[in-house]
Amino acid sequence: MIKCILFDFDGVLTIDKTGSTSITNYISQRTHIDLDIIKANYYKYNKRLLMGEIVHENMWENFCKDVGKEIPYRVLLDSFINTALDEKMFNYIKALKSTYRIGMVTDNKVDRIETILKHNHYADYFDVVAISAGLHSGKEDSKIFQYVLEVMEVEASECVFVDNTASNLLVPAKMGMKTILFDDDSRDFEVFVQSLSAMLMEEGV
């Protein structure tokens with residue numbers, strides 16, 4: 001019986017496929033610095049940011065030097081709150097929450113996710129939010145998923161995990177979770193709902 005539905009964040013609940021895409025596109029637009037320059041220099045820090053080895057405040061001064069312009073830190077915060085969210089998905093989560101426990105599992109930065117959820121009043125939509133930077137574990141390892149299971153007090157077999165990257169489904173599937181690959185190109189909401197509904201019906205409530 002499925003008790004818990006877990007969602008990736010970027011590419012599933014957001015329009016852009018990755019958080020770094022949202023961040024770098026916004027900074028480039030605001031500063032008029034070439035996007036390739038912004039991307040090249042942001043990605044130098046991205047892996048350490050995702051694993052919680054550093055936070056944005058640690059790297060921002062050096063990032064500005066790298067791109068050759070002093071950019072107010074507020075621009076970065078604005079990039080968080082201007083992330084394009086998929087409102088249909090959030091409305092669906094709200095509806096699902098009356099029957100299932102809802103979680104988020106994301107390779108992401110803590111400050112970004114907390115800012116987005118607070119700004120959009122979505123924090124209460126999730127019973128647990130597992131962020132790689134906070135747990136020092138990404139979806140290539142079982143630790144982040146095990147954390148969710150412990151907090152939710154459920155078994156892996158009682159969970160469905162939805163992600164837009166096939167490789168991110170390998171670990172949870174091996175643990176015994178049901179998985180759904182979300183098509184982040186078509187973003188066909190109806191097809192996704194049909195797939196999830198069929199899986200939930202098959203497993204029972």
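Of the 205 residues of the protein chain, 51% are buried (under 20% relative accessible area with a 1.4 Å probe, protein chains only). The model is predicted, so that local features require pLDDT of at least 70 and side-chain atom pairs pLDDT 80 or more, whereas totals for chains, interfaces and linings use all residues. Residue numbers start from 1 along each chain as its sequence is written, and side-chain values use heavy atoms, without hydrogens and water.

The protein chain contains 10 helices and five strands, taken as DSSP runs (H or I, at least four residues, for helices; E, at least two, for strands) and numbered from the N terminus. The C-alpha trace spans about 55 × 30 × 30 Å along its principal axes. The radius of gyration is 17 Å, in agreement with the value near 17 Å for a compact globule of 205 residues (C-alpha atoms; 2.2 Å times the number of residues to the power 0.38). Among contacts (heavy atoms within 4.5 Å) with a separation of 6 or more, 65% join residues 24 or more positions apart.

Helix α5 (residues 87-96) and helix α10 (residues 189-203) have axes that come within 11 Å and cross at roughly 25°, the axes being lines fitted to C-alpha atoms over the stretch in contact, with angles from 0 to 180 degrees between N-to-C directions. Helix α5 is therefore roughly parallel to α10 (angles under 35 degrees). Residues K88, M89, Y92 and L96 of α5 meet F189, F192, V193, L196 and S197 of α10. By class, this contact of α5 with α10 has seven nonpolar residues, one polar and one charged (Ala, Val, Leu, Ile, Met, Phe, Trp, Tyr, Cys and Pro are nonpolar; Asp, Glu, Lys and Arg charged; the others, Gly among them, polar).

Conventions: Parallel < 35°, antiparallel > 145°, perpendicular 65-115°, else oblique. Buried < 20%, exposed > 50% of the residue type's maximum accessible area, 1.4 Å probe, protein only.
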